[in-house]
Structure formats: C-alpha cells, structure tokens
Amino acid sequence: MFDYAQVFADVAAALKAENRYRVFTEIARDRARFPRADWHSAEGTRDVTVWCSNDYLGMGRHPAVIEAMIETARNGAVGAGGTRNISGNSHAIVALEAELADLHGKEAALVFSSGYVANQTGIAAIAQCLPGCLILSDADNHNSMIEGVRRSGAEKQIFRHNDVDHLAALLAAADPARPKLIVFESVYSMDGDMSPIHAICDLAARHNALTYLDEVHAVGLYGPRGGGYAEEIGAMARLDIIQGTLAKGFGTFGGYIAADAAIIDAVRCNAPGFIFTTALPPPVAAAARASIRHLKHSDEERTAQRRQVARLKARLDAFGIPRLDSQSHIVPVMIGDAAKAKAASDLLLAEHAIYVQPINYPTVPRGTERLRITATPAHDDALIETLCAALAAVFDRLGIPRRAGAALAAE
C-alpha cells in the first residue's frame with residue numbers, strides 16, 4: 001500500500017535537513033507597547049521586540065484606524081456576507097476604492113482579498129484581455145506576480161533585474177503591433193532596491209506597451225500623500241496599472257489595483273480571483289480607508305520612519321554588521337548560510353528577546369540568506385542600539401564575519 005504519511009513526513013524531513021523548515025513564532029501584538037509584543041512558547045510568555053513587521057509605519061495601532069473598524073463592525077457586520085456580485089457591494093468597499101483611485105490619480109480601483117491575489121488574478125485577467133499578449137517580467141518579481149504571469153497563459157520574457165537595456169532589446173525584438181505588458185515592482189522586498197520607473201515608462205511609451213507596477217512595499221511610505229515611490233519621483237501618471245496592498249504601510253489587510261475605468265471594469269468582470277471569493281470585510285475596508293486618509297495628510301509617520309531607518313543603517317555599519325546598501329526602508333542583514341541564519345534568529349529570540357525571522361531559499365537565492373530588518377517610527381534609538389549590540393554578539397558567537405569598523409560600536 002502507498003504510504004501517504006511517510007511521503008509527507010519525508011518532505012518535512014528534507015526541509016529540516018536543508019535548514020529550510022518553516023517555524024512560525026507565536027506573537028501577540030499589543031498596540032500600547034508596539035513594537036514590543038508577547039512571545040508565546042512552551043516555556044511561557046515573554047516580552048520581545050519585533051524587528052521584522054511589514055506594518056512599516058505602525059498604522060495597525062493608529063486610533064483612527066482602530067475606531068473606524070470598531071464603528072463599522074458595531075453598526076454593520078463583521079463579515080461581508082459573500083462575494084460582491086452575489087451579496088452586494090458594501091458601502092465601505094465602494095468608499096475605499098474611491099479613496100484608492102484618488103490616491104493614485106486613476107479613474108478607478110478594485111479591491112481584492114490580499115495583495116497576493118491582486119497580482120495573481122489581476123495580471124492574468126489583464127493579459128487574457130489582450131489577444132496575443134507578450135508579458136515582460138522583471139527577474140526579481142514577487143511570487144504573486146510570477147503566478148499571475150503563469151496563470152495568464154501568455155508568452156513571457158524575463159528581463160534581468162532592473163536592466164533597462166535588456167528590456168529595451170526584448171521590446172525592440174517584439175512585433176510592434178503585438179500587445180505588450182511590462183510587470184515590475186517599485187521597491188523590491190528582499191534587497192530593498194528600487195526600480196528605474198521613468199526609464200521603463202520611457203520604453204513602454206516608445207514601444208506601445210502597458211505598464212503594471214507593484215507598489216506593495218511603497219504605498220503609504222513614499223510620496224507626499226503616501227501614493228508610493230512612483231508618486232515620490234513624479235511618475236504615477238505615466239503608469240497604466242498600479243497594484244498595492246493595504247497590509248503593510250497602511251497596517252490593515254487586502255490588496256488592490258488602480259487604473260483607467262475600462263481596465264478595472266474588464267478585470268472586475270473577468271477575474272476568477274475577484275468574482276468567486278468573499279469580499280473584504282467592511283470593518284477592514286473602513287479601517288484601510290481611515291489609514292489612507294490619514295497618511296494623505298500626515299507626513300509625521302513617514303518622516304519618523306526615515307529618521308529611524310537612517311539611524312539603524314548607521315549603527316549597523318558602526319557595529320560592523322554586514323548589510324546590503326539598500327535605497328529603501330528595508331534593511332537586509334547578510335549571513336549567506338541557511339543554518340547560521342536560522343541559528344542567529346533563534347539566538348536573538350531566546351537570549352536577547354528580539355524577534356526577526358531568517359530569510360532562506362526559495363525566498364532568496366541560496367548563499368544570500370539573511371535577516372530582513374524593518375524599523376518603524378516606534379523603534380527608538382535605544383531599541384536600535386540594543387538590536388545592534390545583540391547582532392554583534394550573535395555574529396561573533398556563530399563565527400559570522402563582521403566588517404571592519406566594529407570597534408566603533410563601543411564609542
């Protein structure tokens with residue numbers, strides 16, 4: 001007889017042998033103590049500092065966001081009641097989509113159950129509407145974008161990461177009359193680098209291609225109104241489709257695309273991942289809208305976060321902690337070994353009350369394993385100093401080389 005249990009056990013065993021087995025740490029966030037949280041383990045509960053949250057601005061604890069969610073739940077319902085085409089559009093979602101369209105200067109927006117689904121189903125639906133579409137995709141695109149390209153069934157060509165010359169060559173070789181869709185990100189989540197948006201838009205205009213930009217790690221954080229990196233550099237109007245999330249800079253949950261009304265209508269009527277799934281709960285939609293509205297008018301959170309990110313990078317350098325020189329708020333601390341990345345994470349948690357997850361293959365290439373650190377406005381200078389000292393101690397204990405200049409740490 002076929003031993004099903006053994007097959008699945010072998011899968012887990014193989015992952016453990018490669019130091020890729022995923023362990024989920026139980027964390028209970030406390031808005032009054034953010035970024036501190038309760039770590040629940042077999043040994044009991046312990047206070048820890050979270051250094052790997054994507055709630056980049058701490059908006060998940062903002063009073064206006066929480067109140068909007070509570071009020072909508074109290075006066076309406078917790079759930080949406082079903083899909084939007086069957087159970088109807090909630091007012092909260094309609095208002096949220098109008099807010100998002102305004103945020104990105106587009107005619108319309110469409111909300112999905114997550115940023116992943118927005119990419120997976122949005123890219124596929126858009127490409128399927130374009131006969132013979134050729135998709136040109138950045139080599140470092142997120143898995144959700146890769147899945148959207150795959151599900152579209154369209155021909156794809158991968159251009160080297162942020163390589164405008166390679167993209168130009170691929171576009172020049174394509175039939176000028178063929179519909180083309182360029183899909184790329186603004187801020188890449190693992191290395192923290194940014195894309196040459198204007199240069200890509202120049203190529204798209206020259207070759208009559210549509211552009212699809214993933215702004216999930218930038219919305220809320222960049223631009224005078226939190227519209228993302230494209231807004232910050234004055235490129236937002238040049239992009240055809242902007243995709244974003246409500247779960248990172250805005251601190252809530254869900255995903256969306258914003259574009260011309262005709263594009264949004266085509267996706268709304270044809271995307272299975274939108275049509276056949278339960279709508280975003282109205283309280284979540286109301287909370288997301290409150291967060292967006294706040295960040296459109298407040299630069300306080302963005303300014304504070306940038307200050308602390310700059311402080312973090314400077315102190316990591318002083319302690320000789322190797323990091324990628326990222327342009328963005330994402331700070332990858334490089335280890336380059338899966339076992340040591342996991343061990344470093346475990347030691348930081350157990351001995352220093354610091355929670356930061358290791359990032360291993362397949363999320364990043366083998367040999368580039370890392371700790372992905374994110375500072376929020378609430379990570380003050382004392383917390384940064386504690387983190388850097390702990391990293392130095394852990395690196396030395398595990399024999400992970402530090403850069404020259406570590407002696408400066410004690411000054």
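1. This is a predicted model. In it, 3 strands make up an open sheet, ordered β11-β14-β13, with antiparallel pairing. The edges are taken by β11 (330-334) and β13 (358-359); each has a single partner strand, so one side of each has no neighbour in the sheet. Strands of a sheet pair through backbone hydrogen bonds, either parallel or antiparallel.

2. The pairing of β13 with β14 (residues 370-374) is antiparallel and rests on 2 bridges. Ile 359 has Arg 370 in β14 as its bridge partner. Two helices pack on this sheet. Helix α13 (residues 300-318) touches β11 and β14, and its direction makes about 15 degrees with that of β11. Helix α14 (residues 338-352) touches β13 and β14, and its direction makes about 45 degrees with that of β14.

3. Strand β5 (residues 134-138) is a separate item to check. Is it enclosed or open to the outside? Because 5 of its 5 residues are buried, β5 is largely enclosed by the rest of the structure. The burial applies to both faces: Leu 134, Leu 136 and Asp 138 are buried on one side, Ile 135 and Ser 137 on the other.

4. Which strands does β5 pair with? With β6 (residues 155-159) it runs parallel, joined by 5 bridges; the partner of Ser 137 in β6 is Ile 158. With β7 (residues 180-185) β5 also runs parallel, joined by 4 bridges, and here Leu 136 has Ile 182 as its bridge partner.

5. Ser 152 lies in α6. Its relative accessibility is 9%, which is why Ser 152 counts as buried, the cut-off being under 20%. Leaving aside neighbours within four places in sequence, Ser 152 is in contact with Ala 124, Ala 127, Gln 128 and Ile 135.

6. Helix α10 (residues 261-270) has Ile 263, Ile 264 and Val 267 as its buried residues. These cover an arc of only 95 degrees around the axis, which puts them on the same side of α10. The elements that cover them include β4 (108-112), α5 (115-128), β9 (241-245) and β10 (255-259).

7. Ala 285 is found in helix α12 (residues 282-297). With a relative accessible area of 0%, Ala 285 is buried. Where does the chain come back to this residue? Ala 95 is 190 residues apart from Ala 285 along the chain, yet their C-alpha atoms are separated by 8.5 Å. Apart from neighbours within four places in sequence, the contacts of Ala 285 are Ala 92, Ile 93, Leu 96 and Leu 280.

8. On confidence, the protein chain has an average pLDDT of 95, and 98% of the residues score at least 70. Residues 407-411 are a stretch to treat separately: pLDDT stays under 50 there, and the model has 6 contacts beyond four places in sequence for them. Where pLDDT is low, the predicted coordinates should not be read in detail.

Conventions
Residues are numbered from 1 along each chain as its sequence is written. This is a predicted model: local features need pLDDT of at least 70, side-chain atom pairs count only at pLDDT 80 or more; totals for chains, interfaces and linings use all residues. Side-chain values use heavy atoms; hydrogens and water are left out. Buried means under 20% relative accessible area, exposed over 50%, partly exposed in between (1.4 Å probe, protein chains only). The arc is that of the directions from the helix axis to the C-beta atoms. Contact means heavy atoms within 4.5 Å. Two strands pair if DSSP finds at least two bridges between them. Axes are lines fitted to C-alpha atoms, for helices over the stretch in contact, and angles run from 0 to 180 degrees between N-to-C directions. pLDDT is the predictor's confidence in each residue, from 0 to 100.
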